[in-house]
Amino acid sequence: MAIVYEKSKMLTDAPLHYCPGCTHGIIHKLVAESLQELDVGGKAVGVAPVGCAVMAYNYFACDMVEAPHGRAPAIATGLKRALPDGVIFTYQGDGDLAAIGTAETVHAATRGENITVIFVNNAIYGMTGGQMAPTTLPGQVTQTTPYGRDVTVSGFPVRVCEMLSTLSGVAYAERVSVDTVPNIRKAKAAIKKAFETQMAKKGFSIVEVLSTCPTNWGLTPLEALEWLRQNMMPYYPLGVYQDRTGNEKGVF
């Protein structure tokens with residue numbers, strides 16, 4: 001019998017620990033498939049965050065490093081400079097990247113570090129119980145904003161792709177989603193292109209993935225997907241925010 005589909009060899013057999021309906025598993029799959037299709041598993045090094053994906057080192061079948069909270073881009077910078085031919089990526093959530101790790105992210109991007117960042121945005125702190133995140137939407141209810149996020153008190157959400165796309169060191173920045181099959185296919189193409197951008201030595205690349213958190217949103221998995229479409233996508237529009245991949249690094 002012909003094999004029509006099989007699990008990527010860049011994923012281990014470890015059972016995922018994520019909550020039912022969480023889309024981290026889909027994103028892991030897309031990253032793993034991209035690494036396998038590009039045949040770079042032997043020289044790939046991933047940097048795991050602190051947060052829901054803290055145990056990503058159990059799931060990817062490549063070398064992995066665990067970073068202190070928010071420091072994944074700094075760790076990735078050191079890895080890339082020590083292993084210039086390596087394919088170095090970080091896998092980070094909105095708390096890890098857009099809160100405690102904002103400085104590391106911005107400065108790695110503005111230096112044009114030749115690394116790839118996979119940024120998972122679910123608009124909430126998942127692992128620690130559902131507190132407000134930098135990406136929490138105005139009016140969104142969380143454990144620390146029981147009446148909804150008040151922008152006069154907490155400020156506005158951080159739009160990461162829009163912010164980073166203004167920096168000259170960013171070669172490629174795209175926001176995608178994994179809520180439907182067509183969008184999952186587009187997300188896969190974006191992640192693969194981000195790795196190709198790094199392999200071509202173009203500079204910093206980031207793919208922001210809109211994701212769900214049914215547990216902390218208090219919704220069923222299907223309701224969470226619809227909530228993402230109705231609320232997150234209007235505030236965080238999908239699309240390419242920067243693409244300098246047609247230019248030589250540093251010539252913009």
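This is a predicted model: local features need pLDDT of at least 70, side-chain atom pairs count only at pLDDT 80 or more; totals for chains, interfaces and linings use all residues.
1. The cavity. A search of the whole structure finds 1 cavity of 30 Å³ or more. The largest cavity holds about 50 Å³ of space.

2. Its lining. The residues that line the largest cavity are Leu97, Ala98, Thr102, Thr105, Val106, Val158, Val160 and Met163. Sorted by class, this lining has 6 nonpolar and 2 polar residues, and no charged residues.

3. Where the lining comes from. At least two residues of the lining are supplied by each of helix 3 (94-100), helix 4 (102-110) and helix 6 (160-164). Helix 4 gives the most to the lining of the largest cavity, with 3 residues.

4. The helix pair. Two packed helices are described by the angle between their axes and the distance between the axes. For helix 1 (residues 24-37) and helix 7 (residues 181-199), the axes come within 9 Å and cross at roughly 45°. The crossing of helix 1 and helix 7 is right-handed.

5. The contact. On the side of helix 1, the contact with helix 7 is made by Ile26, Leu30, Val31, Glu33, Ser34, Leu35 and Glu37. Helix 7 brings Ile184, Ala187, Lys188, Ile191, Lys192 and Phe195 to this contact. How do the residues of the contact of helix 1 with helix 7 divide into nonpolar, polar and charged? The division is 8 nonpolar, 1 polar and 4 charged.

Note on methods: Residues are numbered from 1 along each chain as its sequence is written. Side-chain values use heavy atoms; hydrogens and water are left out. On a 1 Å grid over the protein atoms alone, a cavity is a set of points where a 1.4 Å probe fits but cannot get out, and a pocket is an open set with protein on both sides within 12 Å along at least five of seven lines; lining residues have an atom within 4 Å of a point. Grid points are joined across faces, edges and corners, and a volume is the space filled by probe spheres set on the points. Helices (H or I, at least four residues) and strands (E, at least two) are DSSP runs, numbered from the N terminus. Ala, Val, Leu, Ile, Met, Phe, Trp, Tyr, Cys and Pro count as nonpolar, Asp, Glu, Lys and Arg as charged, and the others, Gly among them, as polar. Axes are lines fitted to C-alpha atoms, for helices over the stretch in contact, and angles run from 0 to 180 degrees between N-to-C directions. A crossing is left-handed if the near helix is turned anticlockwise from the far one by less than a right angle, and right-handed if clockwise. Contact means heavy atoms within 4.5 Å.
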